[in-house]
Amino acid sequence: MRIDVLSIFPSYFDGLTLSLLGKAQSAGILDLRVRDLRDWTSDRHRTVDDTPYGGGAGMVMKPEPWGLALDELASAPSAEGRPPTIIFPSPAGEVFTQATARDLSTRDHLVFGCGRYEGIDERVFEYAATLGEVRLISLGDYVLNGGEVATMAMIEAIGRLIPGVVGNPESLVEESHEDGLLEYPSYTKPSVWRERPVPEVLLSGNHAVIASWRRDQQIERTRRRRRDLLPDDED
Ligand code: JEW
């Protein structure tokens, strides 16, 4: 998979080259390229923002650098001949979930456009839709200062679903949200720590009883913490 990121703060993304995703990149499974949007400006001050038409507080990202950058990064179809998926993190987008991550992990080319200030000139989204499939996606119902942190979270969630990135595919199925329930509690040695024992059932060696206990824990935790995830949630 190829992922291009457009940002005025490209160094935010240095962390993505570490550990898990770093391994995927050296293995050639993931081709991640982070670019500075200011590379597509031509004035002396490398300006990316301007005052909003109609007035109001703050600044808006001007369309021209975005148009040139998208022309360069998003106009070629992928090797498989599919147009890119162009993602703009936005507090006004559809909410990102594990299902969104699963869907996006099947694409061969993602382009993330990270806005700043009060957002991006609306015409950029219309223009991007002529080059690929545009998705406005919110990381959650809170306001960040820009799209970078949301993009990093999404790349990490998507990247680990690409075959070969996470070592054991079983660990992908077992974990939180893949089966619609929260995870069961985990324990490791020592068997007693600061007077707190590990639940006895886990030391029993009876795998059927352990599996059933874990499932009960998942259901009970989900009911207590996230009733909205259960079928027939009556809040
Ligand atoms: C988020 C991108 C770009 C995503 C999630 N837009 C906007 C905006 C901002 C501040 C005040 C009002 C509007 C900041 N901002 C972003 C915020 C994504 C941008 C500029 C974002 N929360 N916030 N889930």
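Is arginine 135 buried or exposed? Arginine 135 is buried, because its relative accessible area is 11% and buried means under 20%. The structure shown is a predicted model.

**Arginine 135**
- Arginine 135 sits in strand β7, which spans residues 133–138.
- The side chain of arginine 135 makes a polar contact of 2.6 Å with the side chain of glutamate 94.
- Leaving aside neighbours within four places in sequence, arginine 135 is in contact with Thr85, Ile86, Ile87, Phe88, Glu94, Thr100, Asp103, Leu104 and Arg107.

**The ligand site**
- The ligand is surrounded by 17 residues, and the closest are Ser138, Leu139, Gly140, Tyr142 and Leu144.
- From serine 138, a polar side-chain atom lies 3.2 Å from a nitrogen atom of the ligand.
- Leucine 139 has a backbone N or O atom 3.0 Å from a nitrogen atom of the ligand.
- For leucine 144, a backbone N or O atom also lies 3.0 Å from a nitrogen atom of the ligand.
- On its own the ligand has 500 Å² of accessible area, and the protein covers 83% of that.

**Helix α1**
- Helix α1 runs over residues 19–26, and its buried residues are Leu21, Gly22 and Ala24.
- Seen down the axis of α1, these buried residues fall within an arc of 160°, so they line one face of the helix.
- In general, an α-helix has 3.6 residues a turn, so residues three or four places apart point the same way.
- The face of α1 turned away from the buried side carries the exposed residues Ser19, Lys23 and Ser26.
- The buried residues of α1 pack against α5, residues 148–159.
- After α1 comes glycine 28, which has a positive phi, near 80°.

- In soluble globular proteins, nonpolar side chains tend to be buried together.
- The largest nonpolar core has 28 residues, of which Ile3, Phe112 and Ile158 touch the most other members.
- Two or more residues of this core come from each of β1 (2–7), α1, α3 (98–104), β6 (109–113) and α5.
- The most is given by α5, with six residues.
- Leaving aside neighbours within four places in sequence, isoleucine 158 is in contact with Met1, Phe96, Ala101, Leu104, Ser105, Leu110 and Phe112.
- Another core, of 19 residues, lies apart from the largest one, and its members include Leu37, Val48, Met61 and Ile86.

Terms used: Residues numbered from 1 in each chain as written. Predicted model: local features only at pLDDT ≥ 70, side-chain atom pairs only at ≥ 80, totals over all residues. Heavy atoms only, no water. Buried < 20%, exposed > 50% of the residue type's maximum accessible area, 1.4 Å probe, protein only. Helix = DSSP H or I, 4+ residues; strand = E, 2+ residues; numbered from the N terminus. Arc of directions from axis to C-beta. Contact = heavy atoms within 4.5 Å. Near = heavy atom within 4 Å. Polar contact = N/O pair within 3.5 Å; in protein donor to acceptor, adjacent residues only side chain to side chain. Areas by Shrake-Rupley, 256 points an atom, 1.4 Å probe, with all protein chains shown as cover. Core = buried A, V, L, I, M, F, W, Y, C linked by side-chain atoms within 4.5 Å.
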